[in-house]
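Student: I have a structure on screen and would like to work through it with you. Could we take it one question at a time?

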Amino acid sequence: MTHSEHPAAGTTGAEPIQTDAVVIGAGPVGLFQVFELGLLEIKAHVVDSLPHVGGQCMELYPDKPIYDIPAVPVCSGRELTDSLLKQIAPFHATFHLAQTVSALQRQGDGRFLLETSRGARFLTRVVIIAAGVGAFEPRRLRLEGLSEFENKQLFYRVREPAEFAGKRLVIAGGGDSALDWALNFAGDGTHSADNLLLVHRRHEFRAAPSNVARMRELVGQGRMRLTIGQITGFEQSGGRLTAVQVTGLDEPAVTRLPLDALMVFFGLTPRLGPIADWGLDLEKRAIAVDTERFETNVPGVFAVGDINIYPGKKKLILSGFHEAALAAFGAARYVFPNKPIHLQYTTTSTKVHKLLGVEPPAQAGAVQ
């Protein structure tokens, strides 16, 4: 583990955690923000609504290739996240996961008091919002009464695949997540067409063509089944989900599909959530910022990455990295108001080398 994770940090009445900065969002840009803050000796805590770091990269495409990270020809979302965690390790950021920032209030001394959905409280000089397009929530299957089975037999995310070995699975969805998991379970040695079924509402799929081709191949080999239609009902017995009812697309007949677990991958819905109520200037569901410091209309609150907007904005990870660097210098004015902040290069600055815990490079021409 290259970073520390903090528990819920008490209740609303607990003494708040005092820090220089709170970064909202633990995606790639939020992680790099920790690095840029650390170079300026600004201590940070990080809050994210997801139960793991990596943001959209880890939630939507952890194993898909990314080709536009400077000097990295190709890496997966998982590899990018791991590299960023390694890079920020010297700064010992504390992560508060599976919780959202529910309230932000400026205090009399100019600092901000933040509270999360799990009762963690922070007293901080600056806030940097790196929340991507907002807090991600899974698109749920809307059937009355079905929600009582969530995280018991109904799942919108898979954390421990081994828990589903040999079970009768119905997987709903037509995107990458649905097919990735269908192919994963088809190859785990414990599933066959008798206990692995994919349901999609139409014949066309949104997933990678190679995955669609592989899925159809497995269906043809009798290693899994495919049903085209909508889940329109469910059955339960003794407090357990026992089957779903699927209404066919081509024929209105209803098919009953017995199951032990239902996995639904209809995608994720980004929501600004409480951020929309913090008095920030919003434009097209994004936070307006300047392009000097990427500061919002609220002094001391910055926004970087996909959640911000300004003339010429491009939603790219590399753009977010640039924004994080300038936001860190903007934040330093609040954290160290009486201290001159100078740009120091990681190649030559002995101070930066000390912060990073690395040996200074050997000088050219030095006697060995």
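Predicted model: local features only at pLDDT ≥ 70, side-chain atom pairs only at ≥ 80, totals over all residues.

Student: Which element gives the largest share of the lining of the largest pocket?

Tutor: Two elements give two or more residues to this lining: helix H2 (55–60) and helix H4 (176–186). The largest share is five residues, and the helix they come from is H4.

Student: Let's turn to helix packing. Are H1 and H3 roughly parallel or roughly antiparallel to each other?

Tutor: Helix H1 covers residues 28–39 and helix H3 covers residues 77–88, and their axes lie 9 Å apart. The packing angle is about 15 degrees, and angles under 35 degrees count as roughly parallel. H1 and H3 are therefore roughly parallel.

Student: How many nonpolar, polar and charged residues are in the contact of H1 with H3?

Tutor: H1 passes H3 in a left-handed crossing. On the H1 side the contact is made by Pro28, Leu31, Phe32, Val34 and Phe35, and on the H3 side by Leu80, Thr81, Leu84, Leu85, Gln87 and Ile88. Sorted by class, these residues are nine nonpolar, two polar and no charged.

Methods. Residues numbered from 1 in each chain as written. Heavy atoms only, no water. Axes fitted to C-alpha atoms, helices over the stretch in contact; angles between N-to-C directions. Helix = DSSP H or I, 4+ residues; strand = E, 2+ residues; numbered from the N terminus. Parallel < 35°, antiparallel > 145°, perpendicular 65-115°, else oblique. Left-handed = near helix turned anticlockwise from the far one by under 90°. Contact = heavy atoms within 4.5 Å. Nonpolar A, V, L, I, M, F, W, Y, C, P; charged D, E, K, R; others polar.
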